[in-house]
Amino acid sequence: MLSRTADNLYWLSRYVERADCLARILDVAQRLSHTPVTYGGSTNEWSSAVLTAGCVEGFVARHGPVENATEENVVSFIAFDPENPSSIRNSFEVARTNARSVRTALTSEMWDVINSAWIELRAFPDKAMTREELSRFLAFVKETSLRFDGATFRTMLRNDAYWFSRVGAHVERADNTARILDVKYHVLLPEKEHVGGPLDYFQWASILRSVSALTAFHWVYRDSVKPWLVADLLILNRQMPRSLAACYDNLSRSLDDIAAAYGRQGPAQRLARSTLAKLSNQSIDEIFQAGLHEFISDFIGDNYKLGNEIVEQYLT
Amino acid sequence: MARAFDEMSSDDGSVRKAYETLSRWLTSVPHDVLDHRRKEAEYIFRRIGITFAVYGEQNAQERLIPFDIVPRIITSDEWTRLAKGLEQRVKALNLYIKDVYSKREVLRAGIVPEELVYQNPAFRPEMNGQSVPHDLYVHIAGIDIVRTDPNSFYVLEDNARTPSGVSYMLENREIMLRLFPELFSMHRVAPVENYADDLLATLRSLSPNGAHEPNVAILTPGIYNSAYYEHSFLADKLGVDLVEGRDLFVEDNVVYMRTTEGPKRLDVIYRRLDDDFLDPLAFRPDSVLGVPGLMSAYKAGNVTLTNAVGTGVADDKAVYSYMPEIIKFYLGEEPLLANVPTWRCREPDHLKYVLEHLGELVVKEVHGSGGYGMLVGPKSDKAQIEAFRAKLKHDPANFIAQPTLALSTCPTLVDEGVAPRHVDLRPFILSGSDKVRIVPGGLTRVAMKEGSLVVNSSQGGGTKDTWVLDA
Amino acid sequence: MRVRVRHEITHRFEPAARHAIATLRLTPRSHVGQHILRWTLDVSPDCRLMPEEDAFGNTVHTFSVGGPVETITVIAEGDVDTQDTTGVIAGSAERFPPSLFLRQTDMTQPDAAIMKLADAVATKATTPLDRLHGLMVAVHEGTTETAPEADATAIAAGKALAAGEGTAASLTHVFISAARHLKLPARQVSGYAVMADVPAAFREWAEAHVPGIGWVGFDCGKNVCPSDGYVRLAVGLDSLAVAPMLSTGSRAENTAVARDFFQSPKSGQSQQQGQGQRQE
C-alpha cells in the first residue's frame, strides 16, 4: 500500500487513542477533585492531570505555572484549546484529516465514526461546562474510541491496512499507560510513609480508574489494592489490555504480520521483540529494585524509538 | 421572455409521455412526505461526506450541493441522438488537439486564427511534436448540454481538462434507489453504475507500453481541493490508489509510487491536477503538488497522463465558437449537436453588436469557469451592465457573448412544492484506445432559485438524478 | 573565434535529499556562425543522463540520483568556433513560427511602466528593426546591470524596470516584455559571452524576430547585438525556460510540506517525550 496511506492509518489510530486517554485523565481528575478534603484535598489533581497528559509546556505558556491549574483552565486546555496540539479537539481534528486522506482505505463504518464524532464535537461549547455537560462530553469521547475500535475490529480486512492501524493504536496506548505510571510512580513506591493511608488508596484507585482497571484488579489479584500489584497489573500482566506487556504483545504480532505479508522484516520488528522480551523476563520485584522510574523512562524512550523506526521503515 | 420549455408539462397543461408515470406519482404523494425524503437524502449525503469547497468563502470549507429528489427523464430516442453527437464532438476535439500540437493544418487552412492557439494560456509549447499513446488526448470529457424545446439540444461548453461531477451522477442514483425503490419499479431506467468499470477499462486501454496489467492511479492535489471527495470516491470505485504528488517520484524517466513494500511502477495516471502544477521542473517551479520529472517520463513515453497535457487549448469559450467548423474540417461531417450562436468579442463587428445588445445577452469570460465573471444581461441592472461594459471594452478578446437561451425546466421540489426550475446536463464521454464509452445520462444540474439560469454548484445550483428510459 | 567554455554548477540539498532529479539545458547546438567542436557534460554523483529535445529545439538532459544526496555538481566543457553574423541567427533549430513568441509569461507580463516605455519607443521608430534597437537602448539607459548572485533567479520584467536594475537575465525580461507588447516576437537566450580578455561567462540576452531578416540578438545590459564573442545555449519564453540546471530533491522538499502539515501534532508527541526525560 502507499506509504502515505499507512502513515495516515497509523496516526489516525494514534489520535483516536490519545483522545480517549485524555478523556480518562480528565475523568479521574474530576472524580478525585471531588473527594473529601481529608482524603486527598492537599494535592492538586488538576495540575497532576496536566502532568499526566504531557502538555506542561503548552499549559504553562497559556495559563502560567502548573500550580495555577484549576478545573476550568485544565478542562479548557486539554479538551478544547485549539492552541494545544494534543487537545481532544485537535486530536479529533487530526484524526479526521488523516481519515479523510485515506477514505479509500477505511471501511464506511470507520469513516462514519470519525466523521460523525467530528461533527458532534462542534456541538459542545468551548468552555464553562457544567459538571453534567463535562461528563457527557467525556463519555462521548470514550464512546467514540470504543466505536472506532469496534468498527475497525469488526469491519476491516485483515491486511496491512489493519495491521498499521493496530500498530498505531498500541504504540499510543503503551505510551499513555507508561506516562500515567510515570507521573504517579511515587505513590507506588513501597518505602513511602503513609502507605496504606486513605490518600494513597485514592491515588492507586485513580491510576486503575484512569485505565478502566479497578474491577479487573480485583478479579486478577483477589486482594486489596496494593502498589506493587497495581504496577504489576499495568506493566507485566498480559491479561490486562492496557498493560505495557499486552500492548507490546499486540504490537509485535501486528508487525510480524506485516513482515510475513511483505516477506521481509527490519529494525521495527527487532526492536518490538526485544522490548517484549524485557517485559516477559522481568518480575515486578526486579523492576522495583532497579528503580521503577528508571524502568518507565527507559520504556518511554524505547517506545518512542520504535515509533521512529516504524516511520522510517514503512511510512515515508 | 416566453415561458421556457418544461420537460414534464406542455404549454397546454398536458403531460409529456415520458413523464406520465412520474407526474401521476408526484401528485399522489403528499408534499411533506417528499420533504421528509429530501431531508433524509441530505442527511445521508452529509454522513458519507459528499461535500465540496467553495473558493473564496471562509468557513464554508465543506458545503453540501443541494440534491433534488425529482428525477429528470430523457427518452431513449433523445439519448441515442445525444450520444451520437457527443461521440462526434469528442472525436473532433481529439483530432483538433493532435493537429494543434503537430502539423497545425487547421491553422494553415485558416479555420482557427493562429492567435487562439499560440496566445492561448492553455496551449503547452512543451507538447509540441510530442506523440501521445493512441493519439488520444481527451480521454475523459464532460460536455455541457442545454435544451430549449422538444427537439433542440445545444452544446453549451466543452470540458476537456479535468471535468468533475461524475461522483454526483453516481451517488444521486445510489440515493434515489435507496429512497424511492418504488419509482424504479415503475420505470425502466438505464443503469449508470457501470461507469467505474468503463472508466477503469478506458484507463487500462491507454497503457503506454502495452503492459498487460498496467498499474493505474488517480493523482489528486489533496484533501483541500474542492473535488477531493470525487477523487477518493473514484479511486475507491475503481480499486486503484489515490496518490498525491509526494507519493510519486521519477527515476530514469520511470514513475514510481512509494509504498510500504518499496517503489512500485505506475503506467497510467488519471490526474486531477492542472497542467501548471504537474511538474515543477517543467511548469510552475513553485508547485509542491506535482512530481518533479513527470513531464520527462511522459515525453519518454513511459507513462500515460489522462487527460493529456495541454488539452485546455481546445475547451475555452473562444475555441468553442469554432467547433462547428472544426468538426467539419476533421470529420467532413455536419455537427450533430448545435452550438449556441456565439459572438466573439475579439472581432470588431461582433463586439459592436454585443455592446449594443448587452441587456439581452449572456457575456462570458473566455477562460472563465464555474459561472464566475459572467453577465446575464436580462437579469442585471443598469449599473451592473455598465460596469461590465467597461470590462468588456478594456479587453474584448477575453469575452464571448451568447443569446439568453430559454433553458428548459424540470419539475423540482422547492419550499412551495414542486415547481419548474432551469436545468442543464453534463454527460461524461470516455475515449479509450478500443472504443468510446458513454453511460446513459450524466449529471443534471438545476438552478434552485426561481428563474435563475446559473446552475453552477458554486452559485447555489443543485443536482438531480438523470434517467434515460429504456425503450 | 575559438571560444573555450567551462561551466560548473553545484546544487546543494539541505537536509540531504532522499532522491533528487534534475534537468540540464547545457548543450549548445551548431548553426550558422556557431560550430560545436567538442562538448562534454560531467555529472557527479554518477548517474544516467537521458537526452531529449524540448519544445523549442533545445537539447535537454534529465537525470535522477538516489539518496542521500547532499550535492550535485555538473561541469559542462567544450570548444566552439564562432563567426560574427551581426547578431542575425540563421540555420538554428526552430520548432515554432515566430508568432508563438508573442506569448507573455508570468515573468514577462508587462505592467503600465513597461507599456509606457514600449509605446514611447514605438512613436519614435516605425520599422520593427528600429523599434527593437530603440527598445534595447531604452532598457539599457533606464537600468543598470548587476552581477548575478549565486542561486538568484531572474526577476519579473515589471519588478526589474521599477528597480532600475537587474541581472542580464532580468533586463532581458524587460526587453522581451516590451517587444511582445509591440507585437514583435521576442525570446530569452542563454549562453556564454566572452568579454575583453576574460574567459567566457554564462549570460542571458534577448532575440527578436524581424520579418525579412529572421531572429536577431539584443543584449540590453551591454547595449550591443551579439557578435562572435557569444555562444548560444538555449532559447525559451523567459529565463526560467532556459535555466541551465533545474533540480528538486524530491523527498527533502516534499517531506517539508508533509511535516508542515503534521508539525504541531507531531511536535506534541516529542514534547511528551521530552517531559518524560526531564524527570530523570
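Predicted model: local features only at pLDDT ≥ 70, side-chain atom pairs only at ≥ 80, totals over all residues.
**Exercise 1. Describe the overall make-up of chain A, and decide how its radius of gyration compares with that of a compact globule.**

Begin with the secondary structure, where chain A has 16 helices and 0 strands. Next take the extent of the chain, whose C-alpha atoms fill a box of roughly 60 × 50 × 35 Å along the principal axes. For 316 residues, a compact globule would have a radius of gyration near 20 Å, and the 19 Å of chain A therefore agrees with that expectation. Turning to burial, we find that buried residues make up 52% of the 316 residues in chain A. Finally, among the contacts in chain A with a separation of 6 or more, 70% are accounted for by residues 24 or more positions apart.

**Exercise 2. Which elements of domain 1 of chain A give two or more residues to the side that touches domain 2 of chain A?**

First set out the division itself, in which chain A consists of domain 1 (1-156) and domain 2 (162-316). The C-alpha centres of these two domains of chain A lie 20 Å apart. The contact takes 26 residues from domain 1 of chain A and 22 residues from domain 2 of chain A. On the side of domain 1, the elements that give two or more residues are α1 (3-33), α2 (37-40) and α3 (45-53) of chain A. Of these, α1(A) gives the most, with 17 residues. Sorted by class, the residues on this side of domain 1 of chain A divide into 12 nonpolar, 8 polar and 6 charged.

**Exercise 3. Is A:Arg209 buried, partly exposed or exposed, and which residues does it touch beyond its sequence neighbours?**

Locate the residue first: A:Arg209 lies in helix α10 (residues 198-210) of chain A. Then apply the cut-offs, by which a residue is buried with 20 or more other C-beta atoms within 10 Å of its own and exposed with 12 or fewer. Because A:Arg209 has 17 C-beta neighbours inside 10 Å, it counts as partly exposed. If neighbours within four places in sequence are left aside, A:Arg209 is in contact with A:Val28, A:Arg31 and A:Leu214. The C-alpha atoms of A:Arg209 and A:Asp27 are separated by 8.9 Å, although these residues are 182 residues apart along the chain.

**Exercise 4. How are helices α3 and α12 of chain B arranged, and at what angle do they pack?**

Two packed helices are described by the angle between their axes and the distance between the axes. Helix α3 (residues 76-100) of chain B packs against helix α12 (residues 323-331) of chain B at an angle of about 80°, and their axes are 9 Å apart. Angles of 65 to 115 degrees count as roughly perpendicular, and α3(B) and α12(B) are therefore roughly perpendicular to each other. From α3(B) the contact is made by B:Gln88, B:Arg89, B:Lys91, B:Ala92, B:Leu95 and B:Tyr96, while α12(B) supplies B:Ile326, B:Ile327, B:Tyr330 and B:Leu331. By class, the residues of this contact divide into 7 nonpolar, 1 polar and 2 charged.

**Exercise 5. How many residues does chain B give to its contact with chain C, and what classes do they fall into?**

In this contact, 22 residues of chain B meet 24 residues of chain C. The elements giving two or more residues to the side of chain B that touches chain C are α5 (114-118), β6 (248-251) and α10 (294-299) of chain B. The largest share, 3 residues, comes from β6(B). The side of chain B that touches chain C has 10 nonpolar, 6 polar and 6 charged residues.

Notes. Residues numbered from 1 in each chain as written. Chains lettered and ligands numbered in written order. Axes fitted to C-alpha atoms, helices over the stretch in contact; angles between N-to-C directions. Helix = DSSP H or I, 4+ residues; strand = E, 2+ residues; numbered from the N terminus. Parallel < 35°, antiparallel > 145°, perpendicular 65-115°, else oblique. Contact = placed C-beta atoms within 7 Å. Nonpolar A, V, L, I, M, F, W, Y, C, P; charged D, E, K, R; others polar. Domains from an automatic or database assignment. Rg over C-alpha atoms; globule rule 2.2 N^0.38 Å.
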